[in-house]
Amino acid sequence: MQVIENLKVKEKVYKEKLDNGLTVMIIPKPGMNKKYMIWGTHYGSLENEFIAPGEEEKTVVPNGVAHFLEHKMFEQENGTNSLDVLTALGVEANAYTTNDHTAYLFECTDNFYEAMDELMDYVQHPYFTDENVEKEKGIIGQEIKMYDDYPEWKVYLNAINAMYHECPIKIDIVGTIETISKIDKDILYKCYNTFYNPSNMVMVICGDFNPDDMIEEVKKRLIDKKANGEIKRIYPKEPETIVKEKVEQKLEVSTPLYTIGIKDLVSENCNLNKSETVKKHIAIEILLNLIIGRSSRLFKDLYKDGIIFAQPGLSYEFANIYAHILIDGQSSDPEKVYAEFKNEVNNFKENGLNQKDFERIRKMIYGSYVKEYNDVTDISRMFLADYFKGINSFDYLDEIESVTKEYAEQILRQVFKEDKMVLSIVKNS
Amino acid sequence: MQYSQKEIKKGIKVHKIDTDKFKTNLIAVFLTTRLTRENVTKNAMISTILRRGSKNMTSQEEISKQMEEMYGASFDCGLDKTGDNQILKFYIENVNDDFIPEHEENMLKNAIQKLLEIVFNPYIENGEFKKEYIDQEKNNIKQKIEGKIDNKARYALNRCIEEMYKNEPFGLFKFGYIEDLEKIDGKNLYEYYKKLIKECKIDIFVSGILPENIEEIIEQNENISNLEDRNPDYIMPSILDRKTNQKENIVNESMDVTQGKLVLGLDISLENENQKYETLLYNNILGGTANSKLFQNVREKANLAYVASSSYSRQKNNIFINCGIEIANYDKALDIVKKQIEDMKKGDFSEEDIKNAKKGIISTINLIDDEQDTAITYYFGQELSEHKIEPDEYKQKIEKIQKEDIVKIANSVSINTIYFLKD
């Protein structure tokens, strides 16, 4: 097993790639009662067209399959539902689907190995029938409608749609009532067999464990399955431009919601190595905080004028086929926030960053990374999500010192481009 | 983890949670006061005006800069309604010295000093809160009050509570009322603040790798030494606190929603404190987990919902059932929900269900140690209960519960209000 140690947070990761292609990461947390296990596949809502290993023909599936599959994995041939079995053990079990991965997990204090038996069993044994697939359509239908009532989700999705022409990140992860109606058991098996191969998966375990013993526990529970070949993922070509700058939707909300998006160039990201990707991400986090963070001049002014009421959410999201910045919140005047934001970006471009402010924000970002290591849940999810981006989470702690003011200024000019910005608003009719 | 508490003055306690499991220290100050229509909006204003500046950090920007300088110490405030009390909560979480590149200063001491200053020594101009800050925060609270419609599921729950507790403190909205905001100015709010600080219950929590003399550090802080003894003005919840509604109150409301939100408010009549633990088990079996009757029957068997669950509000002895359903399926869903309540009364659940529910609850008790804020919440919850118990005793109480105890609870349950939000 490979051991990676980080002296800043005083944590170690034990990593091994097994013969069947599965990557396992174990992060010991001596003294913690809480234990966490998460098993993820590099398969999310983006994968709607692909050529399965060993095949020539391309497969096209309806939107929402990855999420549908996640729901259906719990159903077992013996008539039980694994979620019930896990809950009966007193563990907290769940699963989720994102754009680029799907994950199955549980957290517990007791009965870890019994729960591990169940989790590893159900993820390796799909059981889909016409009947159980049909029944799930009612439940997921209500999940789709629940999101319809979330203005936060709408304002986000509209911003994404304003930025991207073709990229499947445009598609709602849960699909629509119409697309999920086309899902049947054959489609589910096809996707399962393609993407739930150990070579496309990673497992993270965090808690008070001995890594050498734990890796044996994992191996013991794996069924005999060989690593399959390469999955050819087919994505439409995405132009560099945005679709349109402004989009608005009417919904019953008290104060308008807004999301400002800045589309980044994926083609440039593809040429970055791992440490450059991390550095760029850190620089963007620092920049966003300098421009509109809690201690910024812009935040102070917008707050003072009653235009915003809280610090906006700031994030940079990226995967192999998309990359963008999102700034979101509620505002009495989203247009004004947008105009002032653009203005402030230009000010920073012209005048450069202030060294003292830069260093203070960098210290803050460092602290925020350290805090991620408090909780076994946060640690496990972070290592899993970063893994699918080709990143080891420790890299953020190691690279932060090499992010200089000059480097951040370069990223500012490169990424914060006016013709790549969009504004999405949800407000009352 | 080791917990201890010390009453440093009458009505003011320091709670110490010694633990080396975390990278951070968490410091919290809770101000507890009686929830009243008269003061609810003022308390909401206090909780936000204090963020705006203190004696030595005179603006929000200055506070933020100081926090950033401390490797991103995070300062946060909250406002809770717990039973018939309103709680103003203030937190600072800071990275422990062991995980900072060069430790130049004692971060914990610094963080404590800053938090106490923010809460007990606000920025005052000419004997009042700064007018500019007051105006902005009134605007801020107004937005929060109007914002109660934004999350439809939460709105439906709040409305159900409001209907059940008309003209009672627990029915109040925690951020208050717009018409009361108008009457607030920097002067009367500062007068109110001084009275609040003089009379409220004060609890100060420190969790992390702590020096031995932590209580002294806090006691000797000038902002604390200035405080006086008090008989705190708050309400200890009582099990006698029960509602009796002879008839189900049915409320339908329309809004721009795609999905209907069904909320049922249930009353539980308890005879003794131990029954609170039994109610916890009852709720777990009824709708607390994926194995529960509601999840299994409304979601898995009838496929009517994605969300179908219940939660227990122990201060007021209510259970709230939540389901997100197709609007046309109202009758069908309500019948199934009611049947689950009836089946519980008949004792239609197994020993296996009880065993599983116990495991689930005990597991959450075992987690108290592993999450700094959970430990603080737990010990503060004990502070507001007449019978204080340590986690181990809590577990024993859960273990001892028998089926007949749960059936007894089930038979004391009655539906108070059925609330439905539709289009």
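In this predicted model, helix α1 of chain B, spanning residues 40–49, is mostly covered. Nine of its 10 residues are buried. These are V40(B), T41(B), N43(B), A44(B), M45(B), I46(B), S47(B), T48(B) and I49(B).

Helix α1(B) packs against helix α7 of chain B, residues 186–199, with the two axes coming within 10 Å. The axes cross at roughly 90°. Angles of 65 to 115 degrees count as roughly perpendicular, and α1(B) and α7(B) are therefore roughly perpendicular to each other. On the α1(B) side, the contact is made by K42(B), N43(B), M45(B), I46(B) and I49(B). Helix α7(B) contributes L189(B), Y192(B), Y193(B) and L196(B). Seven residues of this contact are nonpolar, one is polar and one is charged. Of the α1(B) residues in the contact, N43(B), M45(B), I46(B) and I49(B) also belong to the buried set of the helix.

The largest nonpolar core holds 138 residues. Within this core, F341(A), F383(A), F416(A), L31(B) and F120(B) touch the most other members. Those five residues come from chains A and B. Helix α10 of chain A, residues 274–292, supplies the largest share of the core, with 10 residues. The surroundings of F416(A) were examined separately, leaving out residues up to four places away in sequence. F416(A) touches I262(A), I284(A), L287(A), L288(A), I291(A), I325(A), F341(A), V345(A), K349(A), I411(A) and M421(A). One of these partners, F341(A), is itself among the core residues that touch the most other members. Another core, of 59 residues, lies apart from the largest one. Its members include I17(B), Y312(B), A333(B) and A410(B).

With residues up to four places away in sequence not counted, Q143(B) touches S254(A), T255(A), F309(A) and Q330(A).

A search of the whole structure finds zero disulfides over all chains. A disulfide requires two cysteine sulfur atoms within 2.5 Å. Two buried cysteines of chain A illustrate the result. The sulfur of C191(A) has its closest cysteine sulfur in C167(A), at 18 Å, which is too far for a bond. C191(A) is buried, with a relative accessible area of 0%. For C206(A), the closest cysteine sulfur is that of C108(A), at 12 Å, again too far for a bond. C206(A) is likewise buried, and its relative accessible area is 0%.

Backbone geometry was considered next. Most residues other than glycine have a negative phi. N111(A) is not a glycine, yet its phi is positive, near 60°. N111(A) is found in the loop between β8 (102–108) and α3 (112–124) of chain A. With a relative accessible area of 25%, N111(A) is partly exposed. Y71(B), also not a glycine, has a positive phi of about 50°. Y71(B) lies in the loop between α2 (60–69) and β4 (74–82) of chain B. At 6% relative accessibility, Y71(B) counts as buried.

How values were computed: Residues are numbered from 1 along each chain as its sequence is written. Chains are lettered from A and ligands numbered from 1 in the order in which they are written. This is a predicted model: local features need pLDDT of at least 70, side-chain atom pairs count only at pLDDT 80 or more; totals for chains, interfaces and linings use all residues. Side-chain values use heavy atoms; hydrogens and water are left out. Buried means under 20% relative accessible area, exposed over 50%, partly exposed in between (1.4 Å probe, protein chains only). Helices (H or I, at least four residues) and strands (E, at least two) are DSSP runs, numbered from the N terminus. Axes are lines fitted to C-alpha atoms, for helices over the stretch in contact, and angles run from 0 to 180 degrees between N-to-C directions. Angles under 35 degrees count as roughly parallel, over 145 as roughly antiparallel, 65 to 115 as roughly perpendicular and the rest as oblique. Contact means heavy atoms within 4.5 Å. Ala, Val, Leu, Ile, Met, Phe, Trp, Tyr, Cys and Pro count as nonpolar, Asp, Glu, Lys and Arg as charged, and the others, Gly among them, as polar. A nonpolar core is a set of buried Ala, Val, Leu, Ile, Met, Phe, Trp, Tyr and Cys residues joined through side-chain atoms within 4.5 Å.
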